[in-house]
Amino acid sequence: MPEGDTVYRAAAKLDRALTGHRLTLTDFRVPALATVDLREGTVIRSLSRGKHILTRIDHDRAWTIHTHLKMEGSWHVYPEGERWRRPDTQARLVLGIEGRKAVGFQLGVVELVPREHEADLVAHLGPDLLGPDWDEDRALANLRAQPDRPIGQALLDQRNLAGIGNMYMAELCFTMGVNPASPVSTVDQLPRLVRRGRQMLDVNKERAIQSTTGDLRERERMWVYRRDTSPCRRCRTPVAVTMLGDPGRERAAYWCPSCQPER
């Protein structure tokens with residue numbers, strides 16, 4: 001699942017490419033919207049909210065296109081006539097303006113709602129770590145509302161705070177010396193952990209190569225994420241991986257048994 005900073009960059013890309021322009025093409029390749037035509041509509045803005053992208057269009061009325069990348073989705077922008085880098089069959093939405101096209105491939109969600117209902121799409125989300133609505137106190141209250149829940153699961157729950165995925169969960173827990181399976185109530189520096197999470201996303205939101213170590217070289221960018229059996233960068237203990245979460249919704253959690261002892 002893409003992290004919040006990846007979604008932020010995708011929304012920013014769409015915003016730079018389309019905002020202020022009149023649409024010459026709208027091709028919704030999902031059955032429920034196959035006949036929708038928003039040509040001649042003006043793109044007002046694209047923005048991210050957690051892991052959701054909202055694209056506002058003024059046409060016969062004010063509309064919002066809601067897209068979510070899920071596991072495999074991505075947005076590309078191409079000059080007119082340039083060959084797409086992914087198969088045409090994977091495209092689920094194409095938005096065209098004069099001279100360029102924005103193509104959403106393998107999008108997990110494609111919805112169109114009247115603008116007045118836009119807030120309903122993301123009402124379930126907690127404060128957005130990269131959003132103007134960021135509220136640390138509310139995020140902390142959300143996390144503390146379930147004190148016995150493993151901190152790794154709590155951080156991944158977008159209802160608590162929006163934007164952290166598996167990678168940042170693992171890296172954040174490691175840098176704080178917290179085992180991802182530890183109950184929220186045992187995390188002594190929860191405010192610092194949340195602030196560091198916001199800092200991690202903010203540092204990476206403008207660059208395509210994510211890093212939590214400060215090193216952008218391949219295999220050197222992460223502390224523990226996807227480094228199972230590799231030696232810990234701090235103590236050389238082999239990094240462990242375990243499945244964390246409710247049955248059927250487990251996620252891989254990477255951690256160092258020495259630097260992040262279980263409580």
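Helices (H or I, at least four residues) and strands (E, at least two) are DSSP runs, numbered from the N terminus. The model is predicted, so local features need pLDDT of at least 70 and side-chain atom pairs count only at pLDDT 80 or more, while totals for chains, interfaces and linings use all residues. Residues are numbered from 1 along each chain as its sequence is written, and side-chain values use heavy atoms, with hydrogens and water left out.

Two annotated spans were examined. UniProt, in an unreviewed entry, lists residues 2-93 as "domain: Formamidopyrimidine-DNA glycosylase catalytic". This span, residues 2-93, is 16% helix and 38% strand. Its end C-alpha atoms lie 19 Å apart. The annotation "domain: FPG-type", also from an unreviewed UniProt entry, covers residues 223-261. Here the chain is 0% helix and 26% strand, with end C-alpha atoms 16 Å apart. UniProt positions follow the numbering used here, feature names are shortened, and annotations may be inferred rather than shown by experiment.

An open sheet is formed by 4 strands in the order β2-β3-β4-β8. The pairing is antiparallel. Two strands count as paired if DSSP finds at least two bridges between them. Strands of a sheet pair through backbone hydrogen bonds, either parallel or antiparallel. The edges are held by β2 (42-49) and β8. Each has a single partner strand, so one side of each is left without a neighbour in the sheet. Neighbouring strands are turned by 20 degrees against each other on average, direction ignored. Axes are lines fitted to C-alpha atoms, for helices over the stretch in contact, and angles run from 0 to 180 degrees between N-to-C directions. Helix α1 (residues 4-18) packs on the sheet and touches β2 and β3. The direction of α1 makes about 170 degrees with that of β2.

Within the sheet, strand β3 (residues 52-58) is joined to β4 by 7 bridges. The two strands run antiparallel. A hairpin of 3 residues links β3 to β4. R56 has T64 in β4 as its bridge partner, and I53 stands opposite T67 in β4. T67 also stands opposite V110 in β8. Strands β4 and β8 (residues 109-114) pair in the antiparallel sense over 6 bridges. Strand β4 (residues 62-68) is mostly covered, with 6 of its 7 residues buried. Buried means under 20% relative accessible area, exposed over 50%, and partly exposed in between (1.4 Å probe, protein chains only).

Nonpolar cores were then traced. Such a core is a set of buried Ala, Val, Leu, Ile, Met, Phe, Trp, Tyr and Cys residues joined through side-chain atoms within 4.5 Å. The largest has 39 residues. I151, L155, L161, I164 and L193 have the most contacts inside it. The elements giving two or more residues to this core are α3 (136-144), α4 (151-156), α5 (166-175), α6 (190-204) and β10 (251-255). The largest share, 7 residues, comes from α5. A second, separate core of 25 residues includes A10, L23, W63 and I97. In the largest core, L161 has the most contacts along with I151, L155, I164 and L193. Leaving aside neighbours within four places in sequence, L161 is in contact (heavy atoms within 4.5 Å) with residues including P127, W134, L143, L155 and V194.

Helix α5 is largely enclosed by the rest of the structure, because 10 of its 10 residues are buried. Among them are M167, Y168, E171 and F174. The cover over the buried residues of α5 includes α1, α4, α6 and β10. G177 follows α5 and has a positive phi, near 70 degrees.

The count of disulfides, defined as pairs of cysteine sulfur atoms within 2.5 Å, comes to 0. The sulfur of C232 is 3.7 Å from the closest cysteine sulfur, in C256, which is too far for a bond. C256 is in no disulfide; its nearest cysteine sulfur, that of C235, is 3.5 Å away. C232 counts as buried, at 0% relative accessibility. C256 is also buried, with a relative accessible area of 0%.

At 65% relative accessibility, T229 counts as exposed. R236 is found in the loop between α6 and β9, with a positive phi of about 75 degrees. R236 counts as exposed, at 56% relative accessibility.
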